Amino acid sequence: MNEDSQLVIIRNYRWNFTVNSLNAAFYTVAMTFASIVTFLPLFIEKLGGSNLLIGLVPSVAFIGYQLPGMFSAAFVENMPNKLRFVKNITLIERLPFLILALLCLGVARENPQVAILFTFVCLILITFTSGTITPAWLDYIVKVTPRKSLGMYFAMGSGLGGLIGIGASFWAGYFLKTYPFPTNFFYCFIWAFVAVMLSYGMTLLGREPSVQPSQTKTKIWEYYQKIPLLLSKDGQLRNYIIFRNLQCLGSMASTFFVVYGVKRLGFPDQSASWMTVSLLLSQSMSFFLWGYIGDRYHHKIVLIFGAIGLSLTSVFALFFSTYWAILMVFVFLGWYYSAQGTSGLAILRDMAPEGRYPTYLALSNGLTVLAAFLAPVLGGRIADLYSYRSMFWLAFCFSVAGLLFLLFFIPMRKKRME
């Protein structure tokens, strides 16, 4: 990176930090109204969907968020301007929120099976577009954010969004309680669309100088040929990917906690909003804490706390059946999500050589996609054939295995310096 480009980045640091944090915040609010953990599974259940279909919600989302980056990273690493690529295609990710809202005006009531189909089409468009632009977006963030502040950036946007999202959750709960189905979900999805378009506006305000990558441009076929060699040489990356796979399997129950509370424990539908509040409040508070700990000490410490939180979700679901216990499940789930959302991204920056962050991110996401897809589908199948408790036990075993693997096989190495 030449001196002029470095000066542009320094001069625009505060501006970019602000608009990028607001971007993440508004997107977090949007995903509160259309949460793949609470509201979308409940929407599918109200449309008459089975546990298998409910389990497909996070499965499709995980594939969309994680797999496309394996293909786009090869192009992204050689782009002098990453933000331009994001701006060109991100509308494809935003408009499906409007389609979801429009489904509720007639189709959801008159033909729920068609509504389920279109819900999954929208989910595919949202998540696959997001997964495609993620390597470019995060490489842009890494470029314009100093390494010592990277954890706090991830914490600020998502934490601020979570705090605003708490109000959004109450609002969504009001919609669910006050209006009949599917009108209640129309209001949730239309506000998700408003928030996601505000996020898009922040995307357009970002400032990035064009910088030619320092590494030699690699042909696409050569890029993919070198990936097995990279994985065989970098044991730290390889072990991190194994850890991520175990965590994905350990999170198989996360989509079913709301449905379990409503269907098995008899909680009212609007309790989904309080569960979302618990999740967002936990995420928001822990985002700021994890950002500080990760930047000040080490991101592995944060991941350990996140893995403990994931294990505790199954423990509380297994041994307690009160309303407050299920709310605590979402508190621990928030620990896990925020740890992965801050240090799970930042630790890859510490592992990656200069200019290779998109590839490390894409491999971390792409090579966990099978586990991410199978986990909720397997969980839903186990719940159908046996019981929710059987699913919780299996999730607990995988989450503990992930925690132990993190403790013993991912060393707390010194961070790479700029």
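Reader: What links Phe 33, Trp 171, Tyr 174, Phe 175, Tyr 179, Phe 186, Tyr 187 and Trp 191 into a cluster?

Author: Ring pairs link these residues. Rings of Phe, Tyr and Trp (its six-membered ring) pair if their centres lie within 6.5 Å. This is a predicted model, where local features need pLDDT of at least 70 and side-chain atom pairs count only at pLDDT 80 or more, while totals for chains, interfaces and linings use all residues. Residues are numbered from 1 along each chain as its sequence is written, and side-chain values use heavy atoms, leaving out hydrogens and water.

Reader: How many aromatic pairs does the rule give?

Author: The count comes to 33 aromatic pairs. One of them joins Tyr 13 and Phe 17, with 5.8 Å centre to centre and 55° between the planes.

Reader: Why is the pair of Tyr 13 and Phe 17 called tilted?

Author: Planes under 30 degrees apart count as stacked, over 60 as edge-to-face and the rest as tilted, so 55° makes this pair tilted.

Reader: And what makes Phe 332 and Trp 335 edge-to-face?

Author: Their planes are 85° apart, with 5.3 Å centre to centre, so the angle is over 60.

Reader: How do you know that the charged end of Arg 296 sits over the ring of Tyr 297?

Author: The rule asks for NZ of Lys or CZ of Arg within 6 Å of the ring centre and within 35 degrees of the ring normal. Arg 296 meets this at 5.2 Å from the centre of the Tyr 297 ring.
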